[in-house]
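Let's take a walk through a protein model together. Have a look at the picture first, then read on.

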Amino acid sequence: MRKYLATLAPEITLKSDKTRRSFVRQLVKNLEAAFASHEIQATITNEWSRLVVESDSPEISEHVRFIFGIKKFCEVFEHRYHSLVEIQETLQKRFSRMLE
């Protein structure tokens, strides 16, 4: 299952708590409707300043960019580290081609 983070647009983050909750609920409904219309299975979790979306669908990013209220939508890769050296090694493997 792929994991994505959707950061909320400033228009939502600046609202009062009550209004923000209402806007985020509507945003989640809009995302669910967009995914359903393209037969995409996804789980959406609200983490206050962002939404976590989990899905196996590789084309999910294409449908999110048209939803008002989403500032950024990026795939994330979770890792567990025990040292800074592990972090450095992982980053070098992952991004070495970009740094050449």
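What is the relative accessible area of arginine 50? The value is 33%, so arginine 50 counts as partly exposed. On this scale, buried means under 20% relative accessible area, exposed means over 50%, and partly exposed is in between, with a 1.4 Å probe and protein chains only. The areas themselves come from the Shrake-Rupley method, and for residues only the protein chains shown count as cover.

Before going further, some ground rules. This is a predicted model, where local features need pLDDT of at least 70, side-chain atom pairs count only at pLDDT 80 or more, and totals for chains, interfaces and linings use all residues. Residues are numbered from 1 along each chain as its sequence is written, and side-chain values use heavy atoms, with hydrogens and water left out.

**Salt bridges**

Arginine 50 has a partner: its side chain meets that of glutamate 47 in a salt bridge. That term stands for a side-chain nitrogen of Lys or Arg within 4 Å of a carboxyl oxygen of Asp or Glu. The structure holds three of them, and here they are:

| Arginine 2 | Glutamate 75 | 3.9 Å |

Take the salt bridge of arginine 2 with glutamate 75. This pair links distant parts of the chain, with arginine 2 in strand S1 and glutamate 75 in strand S4, 73 residues apart. (Helices, H or I with at least four residues, and strands, E with at least two, are DSSP runs numbered from the N terminus.) Arginine 2 is partly exposed at 35%, and glutamate 75 is partly exposed at 31%.

Lysine 3 sits in strand S1 and glutamate 78 in the loop between S4 and H4, so the pair ties together parts that are 75 residues apart in sequence. Lysine 3 is partly exposed at 22%, while glutamate 78 is exposed at 60%.

**An aromatic pair**

How many aromatic pairs does the structure hold? There is one, made by tyrosine 4 and phenylalanine 73, and it is stacked, with 5.1 Å centre to centre and 10 degrees between the planes. Tyrosine 4 lies in strand S1 (residues 2-8) and phenylalanine 73 in strand S4 (residues 70-76), so this pair ties together parts that are 69 residues apart in sequence. Rings of Phe, Tyr and Trp (its six-membered ring) pair if their centres lie within 6.5 Å; planes under 30 degrees apart count as stacked, over 60 as edge-to-face and the rest as tilted. Are tyrosine 4 and phenylalanine 73 buried or exposed? Both are buried.

**Surface patches**

Patches are made of residues with over 30% relative accessible area and no salt bridge: like charges are joined within 9 Å, and nonpolar side chains (Val, Leu, Ile, Met, Phe, Trp, Tyr) within 5 Å. Lysine 18 has its place in helix H2 (residues 17-37) and is exposed at 67%.

There's a nonpolar patch too, of about 450 Å², made by Leu91, Phe95, Met98 and Leu99. Methionine 98 belongs to helix H4 (residues 84-99) and is exposed, with a relative accessible area of 66%.

Key. Areas by Shrake-Rupley, 256 points an atom, 1.4 Å probe, with all protein chains shown as cover.
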